[in-house]
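Dear colleague,

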Amino acid sequence: MGVVTTSTASGGLRLVRSRGGLVAGLVLGLALLLAILLASLAFGAAEIPLPEVWAALFAFDAGATNHLIVRTLRVPRALVAALVGASLAVAGALVQGLTRNPLGDPGILGINAGAALGVVVAVFLFQIHTLSLFALFAFAGAALTATAVYGLGAWGRGGPTPLNLTIAGAALTALLSSFTTAILILNQRTLEEVRFWLAGSVAGRDLALLAQVAPYLLAGLMLAFGLGRQITTITLGDDVARGLGQNTAWVKALAALAVVLLAGGSVAVAGPIGFIGLVIPHMVRFWVGVDYRWVLPYAALAGAIFLLISDVAARLLLRPTELPVGVMTALLGGPFFIYLVRWRVRR
Amino acid sequence: MGKQVGQENTPAPWLVVRGGRLPLSVRLDRRVPWVLLVGLLATLAVMVVNMGVGEYPIPPVDVLKTVLHLPTGNSDHSFIVNTLRLPRMLVAALVGVALGLAGAILQALTRNPLASPGILGINAGAGLAAVSLIVLFDRVSASLLPLAAFGGAFLVALAIYGLAWRAGDSPTRLILIGIGLTAVAQALTTLMITFGDINNVQRALVWLTGSVYGRTWDEFWALLPWLVLLGPVALLLARDLDALSLGDEVARSLGSPVDLQRGILLGVVVGLAGAAVATAGTIGFVGLMAPHIARRLVGPGHLGLLPTAGLTGAFLVVTADLVGRTLLAPTELPCGLVTAAIGAPFFLYLLWRQRS
């Protein structure tokens with residue numbers, strides 16, 4: 001019963017690229033990220049010229065409308081997009097490595113379903129309407145579900161094997177989303193309230209909300225980067241990892257914790273944004289290879305850049321109407337991903 | 001030669017049927033006939049019970065009499081059973097058969113036990129087409145929905161296969177392209193749900209979850225030909241499925257034209273799952289669950305597995321519809337909700353038992 005492995009997904013094991021090239025790529029990526037961050041501050045319903053964006057950041061004048069827009073609306077939004085994009089991509093890479101399943105993304109471990117149910121319950125049972133409380137319920141739902149999935153997976157025969165985790169995740173996801181759908185079908189007011197949140201969005205997030213979740217996301221990123229070498233070993237199979245002297249149970253538990261922090265925090269602040277966790281790691285592997293010490297930082301960069309671009313596009317495409325960024329990510333990334341698969345997957 | 005069963009004392013695990021002069025021989029797991037018989041009886045029993053309950057309860061005996069056009073002494077029975085409840089039940093059963101078969105074929109083709117027709121983009125394509133129709137065209141006739149859904153499913157599946165084809169096909173490319181295109185279709189569906197009129201969106205949600213509510217003889221007669229045509233094709237190719245599920249290399253060395261067979265079988269999957277989704281929306285978990293249950297019951301040989309998976313699918317959908325109708329009566333839950341809610345825990349249980 002083999003779940004398709006990541007190594008065949010990227011068309012056979014690719015040898016790791018030269019260290020120099022990889023470092024240069026990271027530096028280039030960082031520069032690109034900064035440029036897009038600036039662009040994201042400039043574009044939107046009101047276009048603000050770059051010098052004025054600069055002034056708003058470094059010579060703030062509380063009397064100027066544009067300065068206020070940049071500081072109170074766009075800076076938090078850009079930071080949220082960058083942080084969430086990075087977190088989702090890294091979480092996705094971790095899940096795919098952990099479950100050795102190319103279909104893996106945080107959604108597989110029940111994170112999105114749990115968060116969605118948390119928010120729907122908050123609205124339906126407790127009549128909660130504020131974004132920061134949404135975040136609290138979403139995070140709680142995500143964390144509870146992920147813990148349950150990990151527990152169920154570990155309880156099965158052979159411990160938290162890739163197949164056990166994937167099955168437990170898929171089963172619990174189906175269960176929870178059927179509860180969510182039931183509430184949404186039976187209660188129209190709840191549907192009205194949460195449907196925009198369910199599409200995923202980074203609009204209207206302020207610095208207070210960001211400050212609420214940033215510690216979780218940053219801790220998750222640090223933890224993930226620290227596990228790069230161990231995840232690479234795990235992708236070779238549990239037996240190999242154990243043969244190399246690795247305590248696989250601990251590594252898996254820590255990686256799962258990182259996934260909960262990253263994906264749970266992301267969903268809490270931006271709703272369930274699909275696609276990034278699933279697809280960015282694949283794209284990154286096409287370029288970088290299968291060494292997770294490099295895959296993870298590259299995924300973080302690519303995820304941040306990708307969500308920022310998607311957010312800018314979501315603002316500009318049907319101006320003044322804004323598309324939910326979760327929709328935009330799939331519309332922009334889907335065709336690109338298909339192109340990559342078509343030309344890079346040989347078998 | 002007629003039927004050949006092993007010796008009396010030590011029964012062989014196989015049942016071999018040879019066709020005498022016909023160039024045909026069949027080797028089945030011994031359990032298959034019994035499992036099929038018991039499954040059929042169980043499914044029929046649930047169908048009869050299901051037709052009896054509701055706002056107008058009818059005793060099972062009267063249901064049976066009415067279906068067989070025997071007099072029950074109540075003139076309402078014929079309308080309620082034969083016009084309202086029987087077609088709904090038959091649609092539920094056929095949808096289950098189609099999903100179970102499609103799931104079993106696809107799991108063998110992709111050699112992935114977690115594959116379900118969803119990865120061919122069938123659900124996403126049908127969902128996008130149907131939701132667009134409901135949300136964009138306010139007062140659209142319900143009879144157009146299945147047509148649009150089937151068109152959407154077929155187009156997305158075709159696009160996935162077309163994009164994955166590159167000097168031969170590959171299960172891996174198929175799965176990955178399926179992910180990408182499904183994501184795009186789902187994003188567009190989400191867009192409709194986010195900005196559509198709230199009443200239409202709620203209707204669309206019911207459809208997306210999968211329901212056989214209010215299905216009539218029209219839907220039954222539209223669905224039946226697909227099964228009558230494609231079911232036998234699947235059975236004819238059962239032996240090739242056995243070979244394909246061992247891997248491309250093995251199948252090729254056994255002399256199978258792998259790409260051609262896979263193309264035909266994918267076509268069968270798309271036809272079956274597409275017709276099912278067009279009729280009843282996306283009823284989750286049946287395509288995933290039925291083959292697993294069937295494999296536990298009759299083993300991995302596809303000639304026995306396929307009919308068993310179909311029957312299991314029918315049993316699941318019919319039972320889910322019964323539960324959905326009775327659980328919160330008079331409010332009806334869509335049966336897709338119930339299959340997910342029942343299916344998830346059962347699926348976990350099943351897989352863990354299988355490992356011991």
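This is a predicted model: local features need pLDDT of at least 70, side-chain atom pairs count only at pLDDT 80 or more; totals for chains, interfaces and linings use all residues.

Let me begin with chain A, where R77(A) and D311(A) form a salt bridge whose closest N and O atoms are 2.8 Å apart. This pair links distant parts of the chain, R77(A) lying in helix α4 (residues 65-99) and D311(A) in helix α14 (residues 292-316), 234 residues apart. R77(A) is buried, with a relative accessible area of 9%, and D311(A) is buried too, with a relative accessible area of 1%. D311(A) also forms a salt bridge with R315(A), where the closest N and O atoms are 3.0 Å apart; these two residues both lie in helix α14 of chain A, 4 residues apart, or about one turn of the helix. R315(A) counts as buried because its relative accessibility is 6%, below the 20% under which a residue is called buried.

In chain B, the side chains of R88(B) and D321(B) meet in a salt bridge of 2.7 Å, N to O. R88(B) belongs to helix α3 and D321(B) to helix α13 of chain B, so the pair ties together parts that are 233 residues apart in sequence. R88(B) counts as buried at 9% relative accessibility, and D321(B) is buried with a relative accessible area of 1%. Returning to chain A, salt bridges that share partners join R77(A), D311(A), R315(A) and E322(A) into one network.

The next topic is the aromatic rings, which form 11 pairs over all chains. One of the pairs is made by F134(A) and W197(A), and it is edge-to-face, with 6.4 Å from centre to centre and 85° between the planes. Since F134(A) lies in helix α6 (residues 131-155) of chain A and W197(A) in helix α8 (residues 188-199) of chain A, the pair ties together parts that are 63 residues apart in sequence. Both F134(A) and W197(A) are buried. Another pair, F150(B) and F154(B), is stacked, at 6.3 Å centre to centre and 15° between the planes. These two residues are 4 residues apart in helix α5 (residues 144-164) of chain B, and are therefore separated by about one helical turn. F150(B) counts as buried at 19% relative accessibility, whereas F154(B), at 39%, counts as partly exposed. Ring pairs also link F150(B), F154(B) and W226(B) into a cluster.

Helix α8 of chain B deserves a look as well: its 20 residues (217-236) should span 28 Å at 1.5 Å a residue, and its end C-alpha atoms are 29 Å apart, which agrees. Among the buried residues of this helix are F220(B), L223(B), L227(B) and L230(B), and what covers the buried residues includes α3 (75-110), α9 (238-244), α11 (258-280) and α13 (302-326) of chain B.

Methods:
Residues are numbered from 1 along each chain as its sequence is written. Chains are lettered from A and ligands numbered from 1 in the order in which they are written. Side-chain values use heavy atoms; hydrogens and water are left out. The expected span of a helix is 1.5 Å times one less than its number of residues. Buried means under 20% relative accessible area, exposed over 50%, partly exposed in between (1.4 Å probe, protein chains only). Contact means heavy atoms within 4.5 Å. Rings of Phe, Tyr and Trp (its six-membered ring) pair if their centres lie within 6.5 Å; planes under 30 degrees apart count as stacked, over 60 as edge-to-face and the rest as tilted. A salt bridge is a side-chain nitrogen of Lys or Arg within 4 Å of a carboxyl oxygen of Asp or Glu.
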